[in-house]
Amino acid sequence: MQELQARFKTITEDPSLSFSQKARALSLEAENSLAYPELDEDTARALEERVICDMYEGHAPFKPRYVMPDYSVVLKKGSEFLELEPAQTLDEAINSLMIAYHHVPSVTNMPVFLGHLDDLLLPYCDGVSEEALYSKIKLFWRYLDRVLPDAFMHANIGPSDNQVARAILKVDSELKQVAPNLTFIWDPEVSSDEIFQMACDSIIECSKPHIANHPVHQPIFDSAGYGIASCYNALPLCGGASTLTRINLYEVAKRSVSVEDFFQNVLPRYVDLNFRLTQVRVNHLFEKSRFFESFLVKEGWIAKDRFTAMFGIFAMAEAVNELQEKAGVAGRYGHDDAANSLGHRISAALAEAVASREMEYVWRGRAMLHSQAGLSDDGGCTPGVRIPYGSEPDPVTHIQALAGHHGYYTSGVSEILTLDETIRNNREALSQLVKGAFSLGFREFSANISSNDLVRVTGYMVRLSDIQKFKESGGSRINTTVLGAEASVTGAILDRAPRVIAHEFTRG
Amino acid sequence: MNLPEAKVSKILNFSCVDGPGNRLVLFLQGCNFACLNCHNPHTMALCNHCGDCVPACPTGALSMIGGRVVHDPTRCDECDQCLEVCPINSNPKVFQVTIGEVLELVQRNKPFLNGITVSGGEATTQLKFITALFGVMKQSVSLRDLTCFIDSNGYLPEFAWRSVLPYTDGVMLDIKSFDCDLHCKLTGRTNERVLASARFLHAEGKLHELRYLLIPGMTDVPAEIDRLLDFVLDLSPGLNLRLNAFQHHGVRGEAQDWPAAEKDRVEEIASQLRRGGLSNVTTPAVYI
Ligand code: SF4
Ligand code: SF4
């Protein structure tokens, strides 16, 4: 108890946290002082050894990790709980959304999904001039960044070319804010060349948006569709994801004596344990937390049976290199065809394991595989299936090496290509690169232009100048600057964020 | 059929600075200029297999086999120490490629490409290879929509340009200076043929871009800039003109003591040229 109080005290007195950041850290400490949902011995040990991981989400899951509301419900029908009438004008629609966001929980306590903003707002744009729309979006964007300063918060636009999507791209590349994050959903059948080029130009300005390949995502979901949230998670709309758990593939490889032992014994064992961990956490959410008694369900913003479980993996690069070494072969992940194929074989095995395991309380009874990049500094492990920082090949070789993975990770793959600044004088090169990536089956495309102040860390955006300020003076308005990822203990988070940045951006 | 092969120092799968869009770039070995300011001096000469570089390699990637230096790419860690010791500005890592190998690579990278560019060294020192490669690409149903560009110092005479232009979509041409003595000092050659190439290529509709390197106190002096302006205006005010800024990266010899071009000065010259009527002047995105 005394130790706990000492931790509370450190948080309340921490000069670099704002009061809301303190409140958040205190609530995490409180939750984590409760006993963990009961795990069997093997699962508990694997978690303890961090071969499997719960993303430090807290001991008592009382809200889903990612909530993806169908915001058209509140716009069209209003909300009895929030005492809102259906929206009649664009101002009312934006206002209702601003209110709605405050009532949507997630792992960060801020909304991770803001909706398909063009679909939501277009019905209210008749008779609204381009200038008026632009200035309303600009104010809306300013509000989002200042009031919900969390770069996990993610807006979607596209695939159609429309005035709202254009206004958002324009405002976003002008303001260069950390929040919200943005995905443009691209469909070659629907998206015009102009809007696609606008999105690419905006990447050159501010490393946003991220572009999602609709023809690859769409068949995974049903007619209610999907949205992209947080670090590029593709999830069922009107639902979301209850949990995200993940396997450290490097740890699994270390525990294997050979490639065959990895595939035959060790990987299946930890896949099983990670499933057990996931089910225990999902059960807690569904059976104990009463989350689904919320007005969000009653009013139809979300449906209880549309929450998936994200089955994450990371450290593919280290796992492959470890297994290559055990097999006595030299080729390295990202650079050698045999090493890359071994990686693809691991992804295929994981996809098969996920497809064959039945889960309770999970959308369609199956988890969804995810290449996870949330906490980036995992003891030198590389996020998801990425190629280690500093050793990436040229962008084309990079994409060719990774494309084979993308088909397996139905709930998203976070990839970041770093492009040098010379691309500013040659916009066409970027659009061709995106098209090339998509033609090879890339699910999503994100790029950093290396001199941009605004950069992706593991999937969320931070401003390099904010990190600099944070280092110099302590304290940042932006949650993601401080939080790094949504790790558990404040101290660790504070250490992590700047280190992560340094790690990612000293590659010369 | 007996198709020519090329001596290549490097192949890039991705370049956004060698013509429009993303391009596959072949750097061909060998140059007919000897520019003091060269950023890649090891691309100048063809290897004479003297063997001096073999003991300099720390990883044992180089060996003498039958009187020829052989490079083993799987053991090379790209430290470039071999380039440092080579007495004639050559490179033991240069490799031969066939047209078939290039086509295979282009085919594989096709979804990412707007086209291909041959650069150097001086690409046109291997003109037969370029003509053959571009010729085959233009006949290939699956590759003919890719554009074929040459990056050149312009020393090639007109009759030789005529042999490759039917298969070439554009040329990026470097002008080192307008003053003939200065040109001689910088490159070892006079500039008449360079200027003639620029005019000829422009008349043929194949001059995609002119490039001009600003070296402080030499090529950025008012007299040079005035002649640059007149020269481009005479061709076309809308011609793409790319100003490059002299930097020390890769440079050897006396040029290491020259001052680097500063961004402010480069931008000032760009505005001066724009005021003079040029509408497509580009300045560097980075100074390294
Ligand atoms: S760059 Fe040259 S010296 Fe260095 S390892 Fe390769 S061959 Fe050897
Ligand atoms: S690269 Fe230079 S040093 Fe090496 S063998 Fe050839 S000429 Fe001699």
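Colleague: How do the residues of the shell around ligand 1 divide into nonpolar, polar and charged?
Modeller: This is a predicted model. In it, the shell around ligand 1 consists of 6 nonpolar, 3 polar and 4 charged residues. The shell has 13 residues in total, and the closest are C57(B), C76(B), C79(B), D80(B) and C82(B).

Colleague: Which residues are closest to ligand 2, and how does its shell divide by class?
Modeller: C47(B), N48(B), C50(B), C53(B) and C86(B) are the closest of the 13 residues that surround ligand 2. The classes in this shell are 8 nonpolar, 4 polar and 1 charged.

Colleague: Why are α3(A) and α12(A) called roughly perpendicular?
Modeller: The angle at which helix α3 (residues 41-48) and helix α12 (residues 259-288) of chain A pack is about 100°. Angles of 65 to 115 degrees count as roughly perpendicular, and α3(A) and α12(A) are therefore described in that way. Their axes are 9 Å apart.

Colleague: How do you know that α3(A) and α12(A) meet, and which residues are involved?
Modeller: Contact means heavy atoms within 4.5 Å. On the α3(A) side the residues are D42(A), T43(A), A46(A) and L47(A), and they meet R269(A), Y270(A), L273(A), R276(A) and L277(A) of α12(A). By class, this contact comprises 5 nonpolar, 1 polar and 3 charged residues.

Colleague: Why are β3 and β13 of chain A said to stand at the edges of their sheet?
Modeller: The sheet is open, with 5 strands in the order β3-β4-β5-β6-β13 (chain A) and mixed pairing. β3 (113-116) and β13 (444-445) each have a single partner strand, so one side of each has no neighbour in the sheet.

Colleague: How is chain B divided into domains, and which residues belong to each?
Modeller: The domain assignment gives domain 1 (6-41 + 95-282) and domain 2 (47-90) for chain B. The C-alpha centres of these two domains of chain B are 29 Å apart.

Methods
Residues numbered from 1 in each chain as written. Chains lettered and ligands numbered in written order. Predicted model: local features only at pLDDT ≥ 70, side-chain atom pairs only at ≥ 80, totals over all residues. Heavy atoms only, no water. Axes fitted to C-alpha atoms, helices over the stretch in contact; angles between N-to-C directions. Helix = DSSP H or I, 4+ residues; strand = E, 2+ residues; numbered from the N terminus. Parallel < 35°, antiparallel > 145°, perpendicular 65-115°, else oblique. Nonpolar A, V, L, I, M, F, W, Y, C, P; charged D, E, K, R; others polar. Pairing = 2+ DSSP bridges. Near = heavy atom within 4 Å. Domains from an automatic or database assignment.
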